[in-house]
Amino acid sequence: MGISVEGANKSFGDFQALDDVSIEVPDGSLTALLGPSGSGKSTLLRAIAGLETLDGGRVLIDGEDVSKKPTQKREVGFVFQHYAAFKHMTVYENVGFGLKIRKWDKAKISDRVHELLRLVQLDGLAGRYPSQLSGGQRQRMALARALAVEPQVLLLDEPFGALDAKVRKDLRTWLRHLHDEMHVTTIFVTHDQEEAMDVAGQLVVMNEGRVEQSGTADDLYEHPANEFVMSFVGEVNRLGDHFVRPHDMEVVLDPDDRTQEGLVQRIVTLGFEVRVELVLSDGTEVWAQLTRAELQRLELREGQIAYLRPIQAKSFNGSSSSDSQGASTPPGSQDDGEAEVSAAV
Amino acid sequence: MSSASGRSHVGSGIVSRWSLRILGLGFLALLLVAPLVIIFFETFKDGISPPLDAITSPNGLHALKLSLLMVVIAVPLNTVFGIACALLLVRHKWKANALIDSVINLPFALSPVVIGLALYLLYSTNGGWFGPTLAEAGLEVLFSVPGMVLASIFVSLPFVVRETVPVLQEIGTEQEQAASTLGANGWQTFWRITLPSIRWGVAYGVVLTTARVLGEFGAVTIVSGSISGKTETLPLFVSKEFERFSEPGAYGASLVLALLALTTLLAMNLLKRKEDA
């Protein structure tokens, strides 16, 4: 079931949480709402579920305007960041809650609950209480509970936000597989761009209650619509009016007319990747991402002078010129891109 | 505290811990336990029959029944009201909440005698605001059960609210929201999620309400007129027996009151232990 939101507005007192937001979520897709805290992404998700009432605008699920429908009639599965486990019920009762409300008979509930517990790998913990589970297990239980009623759409509000890094990675891989199997239209909210790009096919980047850009992970990374998107979906250095990704910064020892001089302040080795931090003559701090091999070839040391050459850069002067500065330069034609960049930097 | 942790402390720590324990236990023993023990011994000083006879006298039995009747009427009413009021205070923020919040505390702040007097003035058939009208309708409030129920409700009103509000705040609304996404309507959410989540707060409030209703003296004295065998609850019976030097009756009835209070507390503890197991 596809979901669309049209012109959604919502404010909490003086705070404008949603400012004329419209999004399209295709049927069967896995979409991430990505943005910093306070960007309105959770409010938008909650409005889709009916947990917030919009001040203006509409929510359509499968073409039907559900704006006036109460939450319990929207048939959405919702997973909360802090699990919202029913503490006084066992895992079995939690997962079976929606079915009991729907007055399924006991045998059918039992079949369905056990099927879901197998799916989320909580088989054998049916009799436990939420307090006896780990965070990851609680969230899987919450997911099983949401899926039990076969919702039209699945909404996840920072589902892995309260979990530690390892569990988080496992769960997101697992969520992707689950989505591949079930094909239920899924929207999940996150502030973690890596998580969004890892899990979702489609991303909607939000900031200050507005949608900044939507598209695939590649679209956003390669053709960011503005400075905010560019810096939010990846690391970025600012050189004057231009923005350069650290891996698009070449470090050389011989200056030419396209390079800028910098003082190497710090060299941090993070496994395969090396982070070289430099200060330019105007005081700007930038960093370049190199490989170990490159570092060894250059024999860089902290405190020495090196030269930076941006391979590709972007500027967002004016609304339509976002891609003009060699943003889509293919690897084979680097020279054109560099020429434009060095002229501008 | 285990002996292992005791050894890891320096001497002065042990001293201060023991003096705290002695102070705490001594305070309890002197002020709470000793009076109860004395009542127990005084009651059975001349054997079991004098107090038993006094309590099973028609007036004694009637007082016991009337006290229990107050509990049976006032406690459920205050429980329903208390939960509804707590929900209003916590879940529906509006301007009048601060006012409601302080008004609910009134019965704690006012002396029960004042409460009794206020009810007396309101329902007096001789110039009270409501009294004459109600009397015309055939309802006698003062010196009869309705007035006593009103007084009992008044004095014990805040307990369920006060015990439920913090629990409601603590559980938050996420579980309720989760229930609604799973198809539960407001009523189903209340019965299946909210009420089970706040049940210990409510239960504690009910216990305190029960104890307060059983023990109420001041307000009930004034509105009931304390008519033996008619409008006399157990505390009023105790007081009257004591005034006419009928010690077995006074002590026996006191003991019954104390036992009722203990039973209420014990019942809650047992329930809670069963739940935790």
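Angles under 35 degrees count as roughly parallel, over 145 as roughly antiparallel, 65 to 115 as roughly perpendicular and the rest as oblique. The model shown here is predicted, so local features need pLDDT of at least 70 and side-chain atom pairs count only at pLDDT 80 or more, while totals for chains, interfaces and linings use all residues. Residues are numbered from 1 along each chain as its sequence is written, with chains lettered from A and ligands numbered from 1 in the order in which they are written.

**View 1. Helices H3(A) and H4(A) pack against each other.** Here H3 (residues 106–119) and H4 (residues 135–148) of chain A meet at an angle of about 135 degrees, their axes 9 Å apart (axes are lines fitted to C-alpha atoms over the stretch in contact, and angles run from 0 to 180 degrees between N-to-C directions). The pair H3(A) and H4(A) is therefore oblique. On the H3(A) side, the contact is made by Arg112(A), Val113(A), Leu116(A), Leu117(A) and Leu119(A); H4(A) brings Ala144(A), Leu147(A) and Ala148(A).

**View 2. Chain A touches chain B.** Have a look at the interface: 19 residues of chain A are in contact with 14 residues of chain B (contact: C-beta atoms, placed from the backbone, within 7 Å). Strand S6 (76–79) and helix H2 (91–101) of chain A each give two or more residues to this side.

**View 3. Chain B has 15 helices and zero strands.** Helices are DSSP runs of H or I with at least four residues, and strands are runs of E with at least two, numbered from the N terminus. The C-alpha atoms of chain B fill a box of roughly 60 × 55 × 30 Å along the principal axes.

Definitions and conventions: Contact = placed C-beta atoms within 7 Å.
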